[in-house]
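Here is a short briefing to read alongside the model.

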Amino acid sequence: MLPIALSLFVLAAHFRFTVASSSPSGNYTPSFVDCPTNVTFVRPASEGLSAAEALWVAQRKTNVISALQEYLALVEIPDFDTDSYIKALQAKESEAPVIGMSFSGGGERALLNGLGMYQALDSRYPPAVEAKTGGLLQAMTYLTGLSGGAAAAAILGVNDFRTALDLSNSGNLNGTDPSDSAFEAIGSKAGLGFNISFADIFAIEEAYAWFQSSNNTTDPFSLLWSGIQSNPTFINATYPLPILMLNEVIPSELPGSNSYDSPNGTVLLPVYNANQTIYEMTPFEYGSWQGRAAAFADIKYAGTTLSEGKPVNSSLCVEGFDSAAFAVGSAEMAFNLWYLESVTNGSVGQFAKRQETTTSSAFISYPSDEATLEQVRVMNASLDFVAAIPEFLELLGNQTLQESLYGVWPNPFANFSTSDSGLQSQDNLLFVDGSEVGQENPLVPLIQPARNLDFAIVCDNGGTELSSGWMNGTSFINTYEWAQGNDLPFPKIPDVNTMLNLNHTTKPTFFGCNEQDVPLLLYVADFPYSSFNNISFTSSGFSPRQQQILFGNALTTISQNNDNLTANWTTCVACGAILRSLQRLSIGVPDACKTCFEDHCWQGNTEDAEPSFLEPGTLLVNERMTFETWNQTVFYAENDVVNVTDSETKIVVVTLETSPETSGTWKRITPSGWFGSFLLFVSLSMPWWG
């Protein structure tokens, strides 16, 4: 066995010289190549981490310890000997905490809120350092995303973890429609015999903005998910490993399939229980730990026809199929739900929610038709997608709707012995949005025992659980139940009523402090601290200044407004990051940390009375700032700036109700005249993704 230092050298050399950051074709079209003889194309999940990920994580440990040293010096936990702790870690690097962060689904809202949390924890962002949250990002090992959160994770991974401010100012976060000729790449892919779908259309739309660089002549459509391995920050293991979470649908002729017969044919849906197979994509490989696959395939060679884990034709492998944009497009493919919501008037195809329809509260009551209102809200938000279906099908050569609703990847697990017999017989994997099994928080990749997670920040930005656009903890609870069904470590989570009554969805809360052998989770639901971020998932076209306003809500939340809302809160975040590591090293937990966990961790108590309806009318940091005032005097500007600097991100300017940067206006949706804080951006141009 190679010494670890030599192994890391070999790994770095492998990244540097054998992994192309872009497709061999130089564009979106995959290429046929001779098959390598020294590659394991498919491996059983029972082997644990891939050799490549294990080596990368070992290299990451050294950087995590250095980042922790700087971060803990900034926070200054009272009566804690940081130097002794760091020396203990340096003597035994394997005990360095494994920290992760998850970006939920929720479209543009999830993308921007996820990037806001990224910025709020980044040591390169001066306001985050001032708030004593900056630097925790640099100590993280994993970053997961699904749907809109997958877009955020991909933007960061593909763009080599540039700062959020740089990405915003460079235009990477604004959707710009590509020319019609750009879509010809889809036809070229089909011409090689690959299936195409709406996921390819999403891919072309998204890569055009998200992965373009003014200083780079590389075709953004050619950038690969496996190509992240060639980025400098990845080679040096200085930032987290990005992971996408996806779900699958099963063809109707196979066991476990779930479908609905629509006017335009059978539409496939995931299975909504613990048996559902949840997939992940790292820059190394893709597959599932549990369920039908229980195996992983080398993502660099995605698209290759395999049988029993080997190429059917050793002269005919594929490279370039794993377009980063196509990976994200597949992770966002919720067209099956959007379509069914439309044709069934919202009765089929719903995202996760546990609605409360009655209440004895003296405060804001749940509308008697709350569930219906939420169905209508989500259905209306997806109407533009459904209206675009004929145009999309035309772009795909007039193929059927049934052929077009999923991200189609050639099945690498055909005849692979450890995979389910049904999956072994499939020609293709059919990927859909990662939230379609009721889990909008991509925690499943993080909680796998092979990754030894100690602490994670759960950024819940979905807003599909309540018709006001805020969270009630449903998705978080669903993951807990799925984890229980699969014997995976996960802290206990209370019921929805308790989550609401104890304000766990309005204020960051720890789960798992008093449990052994589970990761500690900090649940952070989006809430209007300094801005109203509950925008529609199809919103787009915000200027860099507006993006920074939305980003700022994450910093206000995770720092509790620089500890002004909750005393010593940033100390508590740091305590959470190191708790499990302290316990393994038998280092005493500081009293300040004990107080944090007593005050801000769920202690197992429940309060299951009917809660009041969650509909905040003002900002938490300014109770006189209503939505109307914020919208007119903060968010929109007559002369919006093109770029902003660190010092300008805190500026509040007087603005108008509409902005020339946008192609529509903010409108308040008021079905039955009852709720006022949900915002919908009415786009006059086609919104392309969710």
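Where is the place of leucine 316? Leucine 316 sits in the loop between β12 (310-311) and β13 (317-319); helices (H or I, at least four residues) and strands (E, at least two) are DSSP runs, numbered from the N terminus. This is a predicted model, in which local features need pLDDT of at least 70 and side-chain atom pairs count only at pLDDT 80 or more, while totals for chains, interfaces and linings use all residues. Residues are numbered from 1 along each chain as its sequence is written, and side-chain values use heavy atoms, with hydrogens and water left out.

**Overall picture**
- The chain has 24 helices and 20 strands.
- Buried residues make up 63% of the 690 residues in the chain, where buried means under 20% relative accessible area, exposed over 50% and partly exposed in between (1.4 Å probe, protein chains only).
- Of the contacts (heavy atoms within 4.5 Å) with a separation of 6 or more, 75% are between residues 24 or more positions apart.
- The accessible surface of the chain is about 24,200 Å², and carbon and sulfur atoms hold 49% of that surface; accessible areas come from the Shrake-Rupley method with a 1.4 Å probe, and for residues only the protein chains shown count as cover.

**Surface patches**
- Leucine 316 counts as partly exposed because its relative accessibility is 41%.
- Aspartate 180 belongs to the loop between α7 (164-169) and α8 (184-191), and its 68% relative accessibility is why it counts as exposed.

**Backbone features**
- Aspartate 160 is not a glycine, yet has a positive phi of about 60°; its place is in the loop between α6 (148-158) and α7.
- Alanine 237, also not a glycine, has a positive phi of about 55°.
- Alanine 237 lies in the loop between α10 (232-235) and β5 (241-249) and is buried, at 0% relative accessibility.

**Salt bridges**
- The count comes to 14 salt bridges, each being a side-chain nitrogen of Lys or Arg within 4 Å of a carboxyl oxygen of Asp or Glu.
- Lysine 189 and aspartate 200 form a salt bridge, with the closest N and O atoms 2.7 Å apart. Lysine 189 is in helix α8 and aspartate 200 in helix α9 (residues 198-210), so the pair ties together parts 11 residues apart in sequence. Lysine 189 is buried at 1% relative accessibility, and aspartate 200 is buried at 0%.
- Glutamate 280 and arginine 451 meet in a salt bridge (2.8 Å, N to O). This pair links distant parts of the chain, 171 residues apart: glutamate 280 is in strand β8 (residues 278-281) and arginine 451 in the loop between β15 (428-432) and β16 (455-460).
- Glutamate 280 is buried at 3% relative accessible area, and arginine 451 is buried at 2%.
- A network of salt bridges links Lys92, Glu95, Asp454 and Arg584.
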